[in-house]
Amino acid sequence: MLISALLFTMQSVTPGVYTPEPIGLQTPPLRAEQPQRPEPGSIEQALADRFNACLDLAIDDPIGGIISANEWLGEGGAYHAYHCLGFAHSRQQQWLQAANAFEKAARGAQQAGDMVRSANLWAQGGNAALANGNPLQAISFFDSALAATTLPKDKRGELHLDRARALVVHGWLEDAATEFTKVHELVPEDPLGWLLSATLARRQGNLERALADITVAATLAPQDADIALEAGNIAVKSGDYAAARKNWQQAVAIKKNSQAANTAREYLLRLDALEAEATTP
């Protein structure tokens, strides 16, 4: 009975990686970059300065950033002001408001022909929607971002990764597995993509793919506690308790105070109980 309970627990485990976290929203979004440096005193320079000042305020004082962005909207700040407003709301973890603001900013940038910024804003809006628990809206936003033909290969890969996360949250696991194939083609050196696809494969019972993917992840990032944790999850699901113990111990050693390490400690205690039961006459 204990074996079944342990395996059931490990099968349902996701080591924090499928939580709808707003990846990228806690760092400042792209600044008001121009193809050429604006002329001092020009309208373009004034716009860039206003935008960057709004972002700086939102970093230090998110509420002040929200007020400033709304004031700028009243003055005709258009999509640049909505961009700052979305970022300020994200700093407050007000994900619904952030998603709405980013959507308005993305549409405004798109109408203005600012396609690079538009794609970035759709991506940020998608992550905000995902954090707000709305994976279908997130998928729609990521699709809008991917429609841009100006995206470099690595940015497109990151978007497919975000889209895969949203598909998993919504429960479309087969579609997510297909999406991870695109991620690996575009950004094969991103360990997070391999970690997430390994976790998904384990949840689907495809242990062969799970082991292959987590091996790539561990090769790319041998000192990542989340990867070591998931390697242990896959090992215990495969019945290899020695490998599970080794990987969970590694997760603890890599980053002792991390969430991954704390989870690994809990699993090690259960594994000890399992092995003790197995050796009891």
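A residue counts as buried when its relative accessible area is under 20%, and as exposed when that area is over 50%. These terms are applied below to a predicted model.

Of the 281 residues, 47% are buried. The protein exposes about 13700 Å², and carbon and sulfur atoms supply 53% of that area. Contacts were also examined by separation along the chain. Among those between residues at least 6 apart in sequence, 58% join residues at least 24 apart.

Aromatic rings were examined next. A pair of aromatic rings is described by the distance of the centres and the angle of the planes. Two aromatic pairs were counted, with ring centres required to lie within 6.5 Å. One of them joins Trp 122 and Phe 141. Their centres are 5.2 Å apart, and 55° separates the planes, so the pair is classed as tilted, between the limits of 30 and 60 degrees. This pair links distant parts of the chain. Trp 122 belongs to helix α6 (residues 115–131), while Phe 141 belongs to helix α7 (residues 135–146), and the two are 19 residues apart. Both Trp 122 and Phe 141 are buried. The charged end of Arg 117 sits over the ring of Phe 51, at 5.1 Å from the ring centre.

Helix α3 (residues 62–74) has 13 residues. At 1.5 Å a residue it should span 18 Å, and its end C-alpha atoms are 18 Å apart, which agrees. Its buried residues are Pro 62, Gly 64, Gly 65, Ile 66, Ser 68, Ala 69 and Trp 72. After α3 comes Gly 76, with a positive phi near 90°.

Helix α9 (residues 173–186) has 14 residues. It reaches 20 Å from its first C-alpha to its last, close to the 20 Å expected at 1.5 Å a residue. Six positions are named as buried in α9: Ala 176, Ala 177, Glu 179, Phe 180, Val 183 and His 184. They cover an arc of only 160° around the axis, which puts them on the same side of α9. An α-helix has 3.6 residues a turn, so residues three or four places apart point the same way. The face turned away from the buried side of α9 carries the exposed residues Glu 174 and Glu 185. The buried residues of α9 pack against α8 (153–170), α10 (191–203) and α11 (207–220).

Helix α11 also has 14 residues. Its first and last C-alpha atoms lie 20 Å apart, close to the expected 20 Å. Ala 210, Asp 213, Ile 214 and Ala 217 are its buried residues. Their arc around the axis is only 100°, which puts them on the same side of α11. Exposed residues Glu 208, Leu 211 and Thr 219 lie on the face turned away from that buried side. The cover over the buried residues of α11 includes α9, α10 and α12 (225–237).

Helix α10 holds Arg 202. At 0% relative accessibility, Arg 202 counts as buried, because the value is under 20%. The C-alpha atoms of Arg 202 and Asn 233 are separated by 8.3 Å, although the two residues are 31 apart along the chain.

Notes. Residues are numbered from 1 along each chain as its sequence is written. This is a predicted model: local features need pLDDT of at least 70, side-chain atom pairs count only at pLDDT 80 or more; totals for chains, interfaces and linings use all residues. Side-chain values use heavy atoms; hydrogens and water are left out. Rings of Phe, Tyr and Trp (its six-membered ring) pair if their centres lie within 6.5 Å; planes under 30 degrees apart count as stacked, over 60 as edge-to-face and the rest as tilted. Helices (H or I, at least four residues) and strands (E, at least two) are DSSP runs, numbered from the N terminus. Buried means under 20% relative accessible area, exposed over 50%, partly exposed in between (1.4 Å probe, protein chains only). A charge sits over a ring if NZ of Lys or CZ of Arg is within 6 Å of the ring centre and within 35 degrees of the ring normal. Contact means heavy atoms within 4.5 Å. Accessible areas come from the Shrake-Rupley method with a 1.4 Å probe; for residues, only the protein chains shown count as cover. The expected span of a helix is 1.5 Å times one less than its number of residues. The arc is that of the directions from the helix axis to the C-beta atoms.
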